[in-house]
Amino acid sequence: MHNHDILIRLRYALDIKNKDMVEIFKLGDIEVTREEVMQMLTKPKDGFYDEYDDDDMDDEGIKCNNTTLESFLNGLIIFKRGKQEPKPGQPETPAPTAKNKESMNNILLKKLKIALTLTSEDMIDILDEAGVMITKGELSAILRKVGHRNYKECGDKFARNFLKGLAYKYRG
C-alpha cells in the first residue's frame, strides 16, 4: 500500500478536515499548504506511483515518502494527545524510524495505537470489525521493534483492514 493511500484512508477513517491536515503536518515539523495536502491526497491517474523517487513534485501531485508520512503520524500523536516534554537526555524530536517500505505498516500501527490511545484489545476489536481475527500474541509481534526475535512484518492487507476497521469504528 502506498503512502498516499494510507493518508487518504486515514483521513477518511478519522474524518480529518483539510485545515487539520495542514496543522497535523505542521506539528510533525513539515510545512505544507492546503493545496499541497490536497495534491498528496490525489491518487495518480495511471495507478503507478513510485514513492522512492527523489522528486518532491510531479505532474500528478506531491509525493508522500516514508519520512513525510512518519512526520504526519508524529503530528497526529501531538494533535490528539498534546506535546510531551522530553525527558533529560532525550532528543527534542525523535529520529525517523522509517528506513524501508516494509516497516512502514508496522510504524503506522504503532503510531496510531499511541495517537488514539488504543489498547491491544481495542486494536483486536477494530480488526474484528473489518473481519480479521488475530490473537494478542500475533498483534504483539507486529508491534515489536525490528530485529526482535518475535518481530513480524505487517502486510499491506492487514494495514488496509486496520484502517477499514477504524473507519467502521469512528464513522459508522
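This is a predicted model: local features need pLDDT of at least 70, side-chain atom pairs count only at pLDDT 80 or more; totals for chains, interfaces and linings use all residues.
# A chat about the fold and its core

Q: Thanks. Which helices and strands are there, and in what pattern?
A: The chain has eight helices and two strands, following the pattern α-α-α-β-β-α-α-α-α-α along the sequence. Both kinds of element are DSSP runs numbered from the N terminus: helices are H or I with at least four residues, strands are E with at least two.

Q: How much of the chain is buried?
A: Of the 172 residues in the chain, 41% are buried. Buried means under 20% relative accessible area, exposed means over 50%, and partly exposed is in between, with a 1.4 Å probe and protein chains only.

Q: And what share of the contacts comes from residues 24 or more positions apart?
A: They account for 68% of the chain's contacts with a separation of 6 or more. A contact means heavy atoms within 4.5 Å.

Q: Let's go inside. How many residues are in the largest nonpolar core, and which have the most contacts there?
A: The largest nonpolar core has 44 residues, and L7, L10, F25, F72, L112, F162 and L166 have the most contacts inside it. Two or more residues each come from α1 (3–14), α2 (18–27), α3 (34–40), α4 (66–81), α5, α6, α7 and α8. A nonpolar core here is a set of buried Ala, Val, Leu, Ile, Met, Phe, Trp, Tyr and Cys residues joined through side-chain atoms within 4.5 Å.

Q: What does F25 touch?
A: Leaving aside neighbours within four places in sequence, F25 is in contact with L7, I30, V32, V37, M40, T68 and F72.

Q: How many aromatic pairs are there?
A: The count comes to one aromatic pair. F25 and F72 form that pair, with 4.9 Å from centre to centre and 50° between the planes, which makes it tilted. F25 lies in helix α2 and F72 in helix α4, so the pair ties together parts that are 47 residues apart in sequence. F25 and F72 are both buried. The rule takes rings of Phe, Tyr and Trp (its six-membered ring) with centres within 6.5 Å; planes under 30 degrees apart are stacked, over 60 edge-to-face, and the rest tilted.

Q: Which residues of α2 are buried?
A: N18, M21, I24 and F25 are buried in α2. The arc is that of the directions from the helix axis to the C-beta atoms. Cover for the buried residues of α2 includes α1, α3 and α4.

Q: Which residues of α6 are buried?
A: In α6 (residues 120–129), S120, M123, I126 and L127 are buried. Their arc is only 120° around the axis, which puts them on the same side of α6. An α-helix has 3.6 residues a turn, so residues three or four places apart point the same way. The buried residues of α6 pack against α5 (104–115), α7 (136–143) and α8 (156–171).

Q: What follows α6?
A: G131 follows α6 and has a positive phi, near 90°.

Q: What about D29: where is it, and what is its phi?
A: D29 lies in the loop between α2 and α3, and its phi is near 70°, a positive value in a residue other than glycine. At 60% relative accessibility, D29 counts as exposed.

Q: And where is D15?
A: D15 is in the loop between α1 and α2. Its phi is also positive, near 55°, in a residue other than glycine. D15 is partly exposed, with a relative accessible area of 42%.

Q: Switching to E70: buried or exposed?
A: E70 is buried, with a relative accessible area of 2%, and its place is in helix α4. The C-alpha atoms of E70 and I107 are separated by 7.8 Å, with the two residues 37 apart along the chain.

Q: Last one: what sits over the ring of Y12?
A: The charged end of R171 sits there, 4.1 Å from the ring centre of Y12. A charge sits over a ring if NZ of Lys or CZ of Arg is within 6 Å of the ring centre and within 35 degrees of the ring normal.

Definitions and conventions: Residues are numbered from 1 along each chain as its sequence is written. Side-chain values use heavy atoms; hydrogens and water are left out.
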